[in-house]
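Please look over the sequence and the 3D structure shown below.

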Amino acid sequence: MHLAQYFVQAVKRFPEATAVVDDQVRWSYRDLYEEVSTTAANVQQSGVKQGDHVLVALKNRRENLVIYWTCQLLGLIYTPINFRMSLAELVYCIGDAEPVLVFYEEENRATIEAALKQAQSSARAYVVGTSPGPDTFEQLRRRGVALQAVPTISDDAIAIMLYTSGTTGRPKGVPRSHLNEASAAEAHIIQNQYTLFESTIGVMPFYHTMGMRTLLVTTFLNGKLV
């Protein structure tokens, strides 16, 4: 199965179970699915296609979670990067991944805009937070268009690309398939003897492999990610 199927199954099993807690916001699995499906429908309208990269320079926050599942639902490659990257590192990663969409926080606007310009990227960039304007994540949360049917996603399709720290040179993008990610999450559940409705504090960043384990394991078990 591809990863979005695991998510949809979790929603169907226990729709009212708490899925995410972020500050004062608490979403059930039903709430999270509504956020994801609405965002996915709007992203779909932008003309993305399966296999496109979505570059994400965000902290762990509920919007990041929505973007992750939006990517999995549409067959896009979630490509998270360290939001503390230097301008030179960002330029390299943008040129390497060639994203069609970029998500970032207001505090990093100047660096992101400079990096996109230097990389001569045509990616559309959306700011996450409270900034006004047309290219914001809030724009993608507006309901209106319906999610269209998505072509079948193979379990060996690439689901995510994580970048290494670049200690021996430039960061290196490591593509991982839906099957890679699902298998790693299942092994993590077995190793740690996790059970249904586990509550997890999302400390490890989503651009790190253990951040991904946390996200997926929690979802597979209808757990709560804080």
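## Basis of the report

This is a predicted model, in which local features need pLDDT of at least 70 and side-chain atom pairs count only at pLDDT 80 or more, while totals for chains, interfaces and linings use all residues. Residues are numbered from 1 along each chain as its sequence is written, and side-chain values use heavy atoms, with hydrogens and water left out.

Helices (H or I, at least four residues) and strands (E, at least two) are DSSP runs numbered from the N terminus. A residue is buried under 20% relative accessible area, exposed over 50%, and partly exposed in between (1.4 Å probe, protein chains only). Contact, or touching, means heavy atoms within 4.5 Å.

## Nonpolar cores

A nonpolar core is a set of buried Ala, Val, Leu, Ile, Met, Phe, Trp, Tyr and Cys residues joined through side-chain atoms within 4.5 Å. The largest one has 49 residues, of which Leu 3, Ile 67, Trp 69, Tyr 78 and Phe 103 touch the most other members. Helix α3 (residues 62-74) gives the most to this core, with 8 residues. Another core, of 20 residues, lies apart from it and includes Ile 81, Leu 90, Tyr 104 and Ile 112.

Which residues does Ile 67 contact, leaving aside its neighbours within four places in sequence? They are Val 54, Val 56, Leu 58, Tyr 78, Phe 103 and Phe 137.

In helix α5 (residues 109-118), the buried residues are Ile 112, Ala 115 and Leu 116. They lie on the same side of α5, because they cover an arc of only 100 degrees around the axis. The arc is that of the directions from the helix axis to the C-beta atoms. Among the elements covering these buried residues are β3 (53-57), α4 (87-97), β5 (101-105) and β6 (124-128).

The face of α5 turned away from the buried side carries Ala 110, Lys 117 and Gln 118, which are exposed. After α5 comes Gln 120, with a positive phi near 55 degrees.

## The largest pocket

Rolling a probe the size of a water molecule over the atoms shows where empty space is left. On a 1 Å grid over the protein atoms alone, a cavity is a set of points where a 1.4 Å probe fits but cannot get out, whereas a pocket is an open set with protein on both sides within 12 Å along at least five of seven lines; lining residues have an atom within 4 Å of a point. Grid points are joined across faces, edges and corners, and a volume is the space filled by probe spheres set on the points.

The largest pocket has a volume of about 270 Å³. Its lining has 15 residues, and the closest to the pocket centre are Asn 82, Tyr 163, Thr 164, Ser 165 and Tyr 207. Strands β7 (158-163) and β8 (173-177) each supply at least two lining residues. By class, the lining has 8 nonpolar, 5 polar and 2 charged residues. Here Ala, Val, Leu, Ile, Met, Phe, Trp, Tyr, Cys and Pro count as nonpolar, Asp, Glu, Lys and Arg as charged, and the others, Gly among them, as polar.

## Two cavities

How many cavities of 30 Å³ or more does a search of the whole structure find? The search finds 2. The largest cavity holds about 50 Å³ of space, and its lining includes Ala 19, Tyr 29, Leu 65 and Gly 223. Helices α2 (29-44) and α8 (209-220) each give two or more residues to this lining, and the largest share, 3 residues, comes from α8. The lining has 6 nonpolar, 3 polar and no charged residues.

The second largest cavity holds about 30 Å³. Ile 67 is one of its lining residues, and Phe 103 is another. α3 gives the most to this lining, with 3 residues. The classes here are 7 nonpolar, 2 polar and no charged.

## Single residues

Gln 44 is in helix α2 and counts as buried, at 19% relative accessibility. Beyond four places in sequence, Gln 44 touches Leu 74, Ala 146, Leu 147, Gln 148, Ala 149 and Val 150. Leu 74, in helix α3, is buried with a relative accessible area of 5%. Leu 74 and Gln 148 are 74 residues apart in sequence and 9.7 Å apart in space, C-alpha to C-alpha.

Is Glu 107 buried or exposed? Glu 107 is in the loop between β5 and α5 and counts as exposed, at 59% relative accessibility.
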